[in-house]
Amino acid sequence: MAVGNEQYLWWQSGIIYQVYPRSFQDSDGDGIGDLNGIKQRLEYLQWLGVDAIWISPIYPSPMADFGYDISDYTGIHELFGTMADFDDLLQEVHARGMKMILDLVPNHTSNKHPWFLESRSSKDNPKRDWYIWEDAKPDGSEPNNWLAMFGGSGWEWDEKTEQYYYHAFLKEQPDLNWRNPDVQKAMFDVMRFWLDKGVDGFRVDVMWHMIKDEKLRDNPPNPDYKPEMATYEKLIPAYSTDQPEIHHIVQEMRKVVDAYKERVIIGEIYLPIHKLVTYYGKNGNGAHLPFNFMLLNLPWNAQKIGAHINEYEGALPEGGWPNWVLGNHDKSRIGTRIGIEEARVAAMLLLTLRGTPTMYYGDEIGMTDVTIPEDEIQDPQGLNMPGLNLSRDPARTPMQWNTSNNAGFTNGTPWLRVADNYTNLNVETEQQDKESALELYKQLIQLRKAEQALSIGEYIPVQTEGDLLAYRREHENTNLLIVLNLGDKDTMFTPEHATLKGQIILDTNLKRRTEQVNDKLEVRANEGVIVRLKG
Ligand code: GLC
Ligand code: MG
C-alpha cells in the first residue's frame, strides 16, 4: 500500500467474497461443494481480484439449516472434508495473499450439540442454564408470545423436563443463554481455536439476536403485518432482539480478536441505520463492520438510495468504517430483484461506494434466482411456511463454471438443481466475452484496486434529479465522478454548479472507455459511467 496510507487495513481497502460452500465447487462427486473444491477455485478468485473469502459454516451439523445448526464448533463436517483439508485451504488462501473469514454462529447451537444434549437431560444438569429454559404459564402455554423466524412459536416444550426452551430459528436450533459467563467463555475459546490456526476473522451470525430481554416481556404486535408476510413479522421483536446488553458481549468478542493481529469481526445485523451503527461500539470497541444491508432492502430508486447513502455516511461514528452488501445466501439475487441490466449498474455502485464491498458468489457472472420445483425445495424457511415464496434455495444454486455437465460444479448429482442458463452464463464463457458481467466485475475490481480514490477516498454526493444517482470519490489529486442511471431512459447529466471535464474510464456496458466528457454527459438507460475529472 502506498506511503501515507498504512492506517488502512485489508478489511477496509479490500473486497470480500462470500462462498456458500455447498454450492461453490464439488471435488468428490457427491454433489455437494467442499473445501477441496474451494481450493481448486482459488486461482479464479485471485484472477477476479477479491481480497478475502468468507465461507458460510463448514462445521459438523445435522444440516437442519444447512450448517447454521452446529453440533461441533471446532470440527469440519465430513461432507466438506477434514481438518487437514481445512488447514491446507487456509494455507493456500494465505499463500495467494488472500484472507479467510469464517462464519461464527454463537446465538444458537444444533439441538444435537453435546451442550444441548446435556442441558436437556435434567433440570439440575450443570449446563441447564446454557440455554433459555422457562416454565409454562399456569395454563400450560408458552412463557411469552415470541415467534420463531422460521415459523411458529419460538418456544418448544420438552416432555422430559417439563419446560420450554427458546429458539429464534428452528426448534433444532436452541438459543444459547449469553447471560451465562460459561457460555461466553466457551464461545470465546471457539474463536481462539480458529484464530490460533490463522483465520483472519469472523462473520458473526445474527449478532443482534444474541441477548434477549431479561424479563422475557411479550413483543408488541406489528401494525404493518400482512398475511403474505412471514408469520414472524406479526410482532415487533422489541424484546427478543437488539437488547442493550448485546454491546458488552460484542466488546468482549472484539477483545478476543484484538489479541491477534489484524483480525476482523463482521456482524450480521438487520436493523435500521441509527441502530445498526451502535454496533460499532463506544469509541469503536464493537464490531469492525456491522453489515450494511441497505442495498438488499431498498427499491431500485436513485433518490431513495442516494438519501440512504447520505444518511449512512452521516450516521457513522468517528472512525467507523462503512461497508456495503448486494447479495447473500438469505436473499433473492440482485439480478432477479432489480433485473440483469440493472444489476450491472448495481455492481458499479457496490464497487465505487466508500466502504468495504461484500460480493455474493455468482453475482459476478450475473446469476439469477433459479426456480426450484416444490418437491425439490430444501430450505426449512421455504418448507415451514409454504406458499409465501420464502425459500432461500433459488439464490443458493451451484456456481456456474463452464459449459460441461452441471456447469462444472460436480460430476455427481448436484444437491440443488443447476440453472438452465448455465451454458451461456458461466465463468469460462464470460472470460472470453469482453462485454460480459464477469468482465465488468473484473474491471471494476481492478479499478478499485488501482485507484485509492475508490478504495479509501472521500465520498462526496452530487445533486441529481430523477433516475440519476451521482457522487464523487476523491483522494489526493484524483477526482472521480460516478453517474448511474437507474432508470430505463437515456438521460443528460449536467451538473449545476461545476464544470464537467474529463474522460470516461469505465462504463457498465464496457463500450465508452476513453470517451471525452465536455460539460454534459449522456447516461443511457441502465448505464453507469466513471469519469476521471480534470483539474
Ligand atoms: C443467519 C443466516 C441464515 C440462517 C440464520 C440462522 O441469518 O445467514 O442463513 O438461517 O442466521 O442461523
Ligand atoms: Mg463434495
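This is a predicted model: local features need pLDDT of at least 70, side-chain atom pairs count only at pLDDT 80 or more; totals for chains, interfaces and linings use all residues.
**Entry 1: domains and annotation**

I began with the division of the protein chain. The UniProt record, an unreviewed entry, lists residues 18–396 as "domain: Glycosyl hydrolase family 13 catalytic". For residues 18–396 I noted 28% helix and 11% strand, with 12 Å between the end C-alpha atoms.

**Entry 2: the magnesium ion**

Which residues coordinate the magnesium ion (ligand 2)? I found Asp26, Asp28, Asp30 and Asp34, each through OD, together with Ile32 through O, at 2.2 to 2.3 Å. Along the chain the donors of this ion follow the spacing D-x1-D-x1-D-x1-I-x1-D.

Asp28 has a relative accessible area of 49%, so Asp28 is classed as partly exposed, the limit for exposed being over 50%. Asp30 is likewise partly exposed, because its relative accessibility is 34%.

**Entry 3: cavities**

The largest cavity has a volume of about 50 Å³. Its lining consists of Leu295, Leu298, Pro299, Trp300, Ile305, Leu326, Ile334, Arg337 and Ile338. By class, I noted 8 nonpolar residues, no polar ones and 1 charged in this lining.

The second largest cavity has a volume of about 40 Å³. I listed Trp146, Leu147, Tyr166, Asn219, Tyr232, Leu235, Pro237 and Ser240 as its lining residues. Here the division is 6 nonpolar, 2 polar and no charged.

**Entry 4: the second largest pocket**

I then turned to the second largest pocket, which holds about 500 Å³ of space. It is lined by 23 residues, and those closest to its centre are Val462, Gln463, Phe493, Pro495 and Glu496. The lining divides into 10 nonpolar, 8 polar and 5 charged residues.

Which strand gives the most to this lining? I found that E15 does, with 3 residues. At least two lining residues come from each of strand E12 (458–462), strand E13 (468–475), strand E14 (478–485) and strand E15 (491–493).

Technical notes:
Residues are numbered from 1 along each chain as its sequence is written. Chains are lettered from A and ligands numbered from 1 in the order in which they are written. Side-chain values use heavy atoms; hydrogens and water are left out. Donors are N, O and S atoms within 2.8 Å of the metal (3.2 Å for Na, K and Ca); water is not among the atoms, so sites may look incomplete. Buried means under 20% relative accessible area, exposed over 50%, partly exposed in between (1.4 Å probe, protein chains only). UniProt positions are given in the numbering used here, feature names are shortened, and annotations may be inferred rather than shown by experiment. Helices (H or I, at least four residues) and strands (E, at least two) are DSSP runs, numbered from the N terminus. On a 1 Å grid over the protein atoms alone, a cavity is a set of points where a 1.4 Å probe fits but cannot get out, and a pocket is an open set with protein on both sides within 12 Å along at least five of seven lines; lining residues have an atom within 4 Å of a point. Grid points are joined across faces, edges and corners, and a volume is the space filled by probe spheres set on the points. Ala, Val, Leu, Ile, Met, Phe, Trp, Tyr, Cys and Pro count as nonpolar, Asp, Glu, Lys and Arg as charged, and the others, Gly among them, as polar.
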